[in-house]
Amino acid sequence: MRRSLTDVFFVLLILAATATPQAQELAPRAYWPAPTGTNVAVMSYQHSQGDVLVDASTPIEGAEATLDFLSLTYLRTFGVFDRTASLQVNYPFVQGDAEAMVNGEFRERSISASADARARFAINLIGAPSMDGKAFRALVANPEPIVGASVLVSIPTGDYDGDKLFNAGSNRWAVKPAVGFILPISHGWLFEGEVGTWFYEDNDDYQGKTRSQKPVLSSEFHLVHVVKNGTWFSLDANWYQGGAATVGDGAEQAELRNSRAGITLLHPLNRHHAIRFAASTAIESKIAGDFDSVSLSYMYIW
């Protein structure tokens with residue numbers, strides 16, 4: 001199928017690639033469909049500075065870090081029981097410096113390594129069935145409400161040292177089932193949202209002990225405006241709470257209760273290429289969330 005610039009623009013709306021740490025996602029257009037057989041490859045750079053950790057669920061207070069992420073992502077769409085589905089794989093690398101006071105002791109560390117890989121499966125349950133190019137263009141012309149479900153898995157492939165508090169990897173599996181929606185508001189405006197929960201495997205090599213963690217409830221919402229020339233932007237916000245951890249036989253630690261706000265802008269260059277810019281900052285931060293972040297992504301579609 002030969003895709004016009006407009007087709008490519010709307011296909012690119014589906015991608016939710018991000019190098020953002022766990023539970024802090026701000027990923028608009030995560031449930032927008034595309035014709036069966038669409039492929040998207042993305043290279044993203046993200047710079048974050050402040051009280052930020054690679055694994056945002058780690059309850060370390062008062063950390064100061066400067067982290068640079070490079071993320072490679074591949075996504076493909078396909079049909080499952082006549083529903084639009086997609087599979088996305090993400091592999092990030094991180095470099096940076098971090099410091100914090102831990103139990104009255106000053107700690108610092110520099111890291112330059114691969115972080116945990118991610119895989120996400122998503123399927124639309126209501127609206128946007130599996131489609132070809134003609135049906136897709138009809139949906140673009142007249143958007144309809146969409147409800148979808150997804151499962152995001154964090155795979156412990158990142159570099160990890162059990163004697164260190166700051167690591168690129170988390171040394172544990174984590175999974176986030178979620179439900180999302182898209183609601184057309186008026187011509188060119190859509191409201192999107194997702195609610196999910198992160199569940200964590202125990203880390204059996206955390207400072208010589210086992211670290212267990214309660215689930216983290218995660219939500220995000222987006223107000224998206226579609227511009228006629230193929231550009232779109234969104235106003236983004238999220239909120240997440242939970243994740244109280246226990247190390248060994250110690251007392252339960254404080255839980256996360258953070259939220260962020262940001263903006264995302266995507267602009268297609270031609271039928272196969274697009275760029276995306278995103279920025280976000282903390283609104284509320286109890287643990288490991290008071291940081292600023294900017295990212296730039298290049299996308300190729302075929």
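**Briefing: charged pairs, a helix and paired strands**

Glu192 and Arg29 are both buried, where buried means under 20% relative accessible area, exposed means over 50% and partly exposed lies in between (1.4 Å probe, protein chains only). The model is predicted: local features need pLDDT of at least 70 and side-chain atom pairs count only at pLDDT 80 or more, while totals for chains, interfaces and linings use all residues. Residues are numbered from 1 along each chain as its sequence is written, and side-chain values use heavy atoms, with hydrogens and water left out.

**Salt bridges**

- The structure holds 4 salt bridges, a salt bridge being a side-chain nitrogen of Lys or Arg within 4 Å of a carboxyl oxygen of Asp or Glu.
- One of them joins Glu192 to Arg29, with the closest N and O atoms 1.5 Å apart.
- Glu192 lies in strand S8 (residues 189-200) and Arg29 in the loop between helix H1 (5-12) and strand S1 (39-50), so this pair ties together parts that are 163 residues apart in sequence.
- Helices (H or I, at least four residues) and strands (E, at least two) are DSSP runs, numbered from the N terminus.
- Another salt bridge links Lys176 and Glu194, whose closest N and O atoms are 3.0 Å apart.
- Because Lys176 belongs to strand S7 (residues 174-186) and Glu194 to strand S8, the pair ties together parts that are 18 residues apart in sequence.
- Lys176 is buried, at a relative accessible area of 4%, and Glu194 is buried at 8%.
- Glu252 forms a salt bridge with Lys214, and here the closest N and O atoms are 3.0 Å apart.
- Glu252 sits in the loop between strand S13 (245-247) and strand S14 (256-268), and Lys214 in the loop between strand S10 (209-213) and strand S11 (216-226), so the pair ties together parts that are 38 residues apart in sequence.
- Glu252 is partly exposed at 47% relative accessibility, and Lys214 is partly exposed with a relative accessible area of 43%.

**Helix H2**

- In helix H2 (residues 133-141), the buried residues are Gly133, Phe136, Leu139 and Val140.
- These residues cover an arc of only 120° around the axis, which puts them on the same side of H2; the arc is that of the directions from the helix axis to the C-beta atoms.
- An α-helix has 3.6 residues a turn, so residues three or four places apart point the same way.
- Exposed residues Lys134 and Ala141 are carried on the face of H2 turned away from its buried side.
- At the N-terminal end, Asp132 caps H2, with a side-chain oxygen 3.3 Å from the backbone nitrogen of Lys134.

**Strand pairing**

- Two strands pair if DSSP finds at least two bridges between them.
- Strand S6 (residues 146-155) and S7 run antiparallel and are joined by 9 bridges; Ala149 stands opposite Val179 in S7.
- S7 and S8 also run antiparallel, with 10 bridges between them, and Ser186 has Trp189 in S8 as its bridge partner.
- The hairpin of S7 and S8 has 2 residues between the strands, and Gly188 in its turn has a positive phi of about 85°.
- Strand S9 (residues 203-206) and S10 are antiparallel and joined by 2 bridges, with Tyr206 opposite Lys209 in S10.
- S9 and S10 form a hairpin with 2 residues between the strands, where Gln207 takes a positive phi near 55°.
- S10 and S13 run antiparallel with 3 bridges, and Gln213 is partnered by Ala245 in S13.

Key
Polar contact = N/O pair within 3.5 Å; in protein donor to acceptor, adjacent residues only side chain to side chain.
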